Amino acid sequence: MRARSHAVLAASVVLALAAGPLAAPAFAAPPAPASRFADQRGPAEEALRAAIAGLPNQYATAALVRVGTTGGDWHGSAGVRDLASGRPAHPDARFRAGSVTKVVTAATVLRLAAQDEIDLDAPVQGYLPDLFTPDFEQPISVRHLLNHTSGIKPGDGLGDDFAELYAHRYDTLTPQQVAASAIAKGPEDFVPGTRQQYLNINYTILGLLIEKVTGRSYASEATRLVLRPAGMHHTYFPGTDPRIRGPHNRGYQAVEGPDGTTRLVDVTEWNQADRWAAGDMISTTADLERLLTKLFRGRIVPQPELEEMFTTPAGVTGADRSAGLECREIGGQVFWGKSGSRYGYSAVVAGTRDLSRTLVYSVNSTDAKSAGPKPVADAIAAAALR
């Protein structure tokens, strides 16, 4: 069964299912795998079709959805390829997967750990002595980076709001510069391993670690160790190329003008080099479905390293993130997965560990980076994870 999960990760998923209690459980060991749905329910096709009907609208211009259940699968698409032509959305389009990239980065690190090239308990300062200053006296393990308990401060970006970032969308900020800016801010905000704080910098540094121990680029190693074994033939890392190669649906951001009117700005082309191992991957819904299916079945990361992806840090109150994934209990089912967003694009991969119910979507949201409700994505999640 296809499957990967995770209603838990995206704010949109949480908002969509707000009818029930969704407080993140705090547990030191991975939850037991959810049992298969006893009634063998298939996808709620009518609700799924309704969720993406009427696109484009003020909330999104296109949507691609794949739902897997024990009772069958459902694939759907809606909206337009671009607003100028109004052509139907490409059902197999590539899109910016944002922080779903972290699943691939974590799997790459765990593959290297399985090959004894990385020790998850070893201080990252020992692997990257030229990055860390002597001020970082507390050991920060590789595992701390994987589960966001490192305490390292965030790195710099190219702006603080959409207008400033958009003005620099063709500029390059390298991962090395991002990491150096974080380290320059001084030692950790908290003792490593005592709190969980989700930040891109953890995975930027993991990308540097991958390159240091292998002597090869992050993109080449992630492709060799994860993308190829998963059969993700339409997924790639763009580097400094601002374009999305191949068929894709254009992304737009809603921008309010001085007169109070809102216009949609095309944000498809954007240099994502600073997001790198934390969020620059370009993929398809079919490829992301393959990733989580093979990942959860143990065909990419072997045991016992795979358990790192289903284990939240012990003794950390409220921790709901593991190595590359996040977990939630919804309707009596435990979901694991990851969300991601870049301007113009929102993505989610989610499912139960036994793959009895899975969801993968890409929505061309017109306010993808907002923390507020996203009606189209919320409706998809509610229909898929009922």
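Let me start with the contacts. Of the contacts in this chain with a separation of 6 or more, 73% are between residues 24 or more positions apart. Contact here means heavy atoms within 4.5 Å.

Now the ground rules. This is a predicted model, where local features need pLDDT of at least 70, side-chain atom pairs count only at pLDDT 80 or more, and totals for chains, interfaces and linings use all residues. Residues are numbered from 1 along each chain as its sequence is written, and side-chain values use heavy atoms, with hydrogens and water left out.

The inventory is 12 helices and 10 strands. Both are DSSP runs numbered from the N terminus: helices are H or I with at least four residues, strands are E with at least two. Of the 386 residues in the chain, 58% are buried. Buried means under 20% relative accessible area, exposed over 50%, and partly exposed in between, with a 1.4 Å probe and protein chains only.

Helix 3, residues 101-114, and helix 9, residues 218-230, have axes that come within 9 Å and cross at roughly 90°. Axes are lines fitted to C-alpha atoms, for helices over the stretch in contact, and angles run from 0 to 180 degrees between N-to-C directions. So helix 3 is roughly perpendicular to helix 9. The scale: under 35 degrees is roughly parallel, over 145 roughly antiparallel, 65 to 115 roughly perpendicular, and the rest oblique.

Who makes the contact? Helix 3 brings Thr101, Val104, Thr105, Ala107, Thr108, Arg111 and Leu112. Helix 9 brings Tyr218, Glu221, Ala222, Leu225, Val226, Leu227 and Pro229. By class, that is 9 nonpolar, 3 polar and 2 charged residues. Ala, Val, Leu, Ile, Met, Phe, Trp, Tyr, Cys and Pro count as nonpolar, Asp, Glu, Lys and Arg as charged, and the others, Gly among them, as polar.

Next, helix 9 against helix 11, residues 285-296. Their axes are 8 Å apart, at an angle of about 100°. These two helices are therefore roughly perpendicular as well. Val226, Pro229 and Ala230 of helix 9 meet Arg290, Leu291 and Lys294 of helix 11. The classes are 4 nonpolar, no polar and 2 charged.

Helix 12, residues 375-384, is mostly covered, with 7 of its 10 residues buried. Among them are Val376, Asp378 and Ile380.

Now a buried charge. Asp280 sits in the loop between helix 10 (276-279) and strand 6 (282-283). Asp280 is buried, yet has no salt bridge. That term needs a side-chain nitrogen of Lys or Arg within 4 Å of a carboxyl oxygen of Asp or Glu. What is the nearest side chain of opposite charge to Asp280? Arg96, 7.6 Å away. For charge, Lys and Arg count as positive, Asp and Glu as negative; His and the chain ends are not counted. Beyond neighbours within four places in sequence, Asp280 contacts residues including Thr101, Phe237 and Arg275.

Last, the backbone. Leu55 to Pro56 is a cis peptide bond, omega near 5°. Pro56 lies in the loop between helix 2 (45-51) and strand 1 (60-69). Gln303 and Pro304 are also joined by a cis peptide bond, omega about 0°.

Two non-glycine residues have positive phi. His148 is at about 60°, in the loop between helix 5 (142-146) and helix 6 (162-167). Trp276 is at about 40°, in helix 10. His148 counts as buried because its relative accessibility is 4%; Trp276, at 12%, is buried too.
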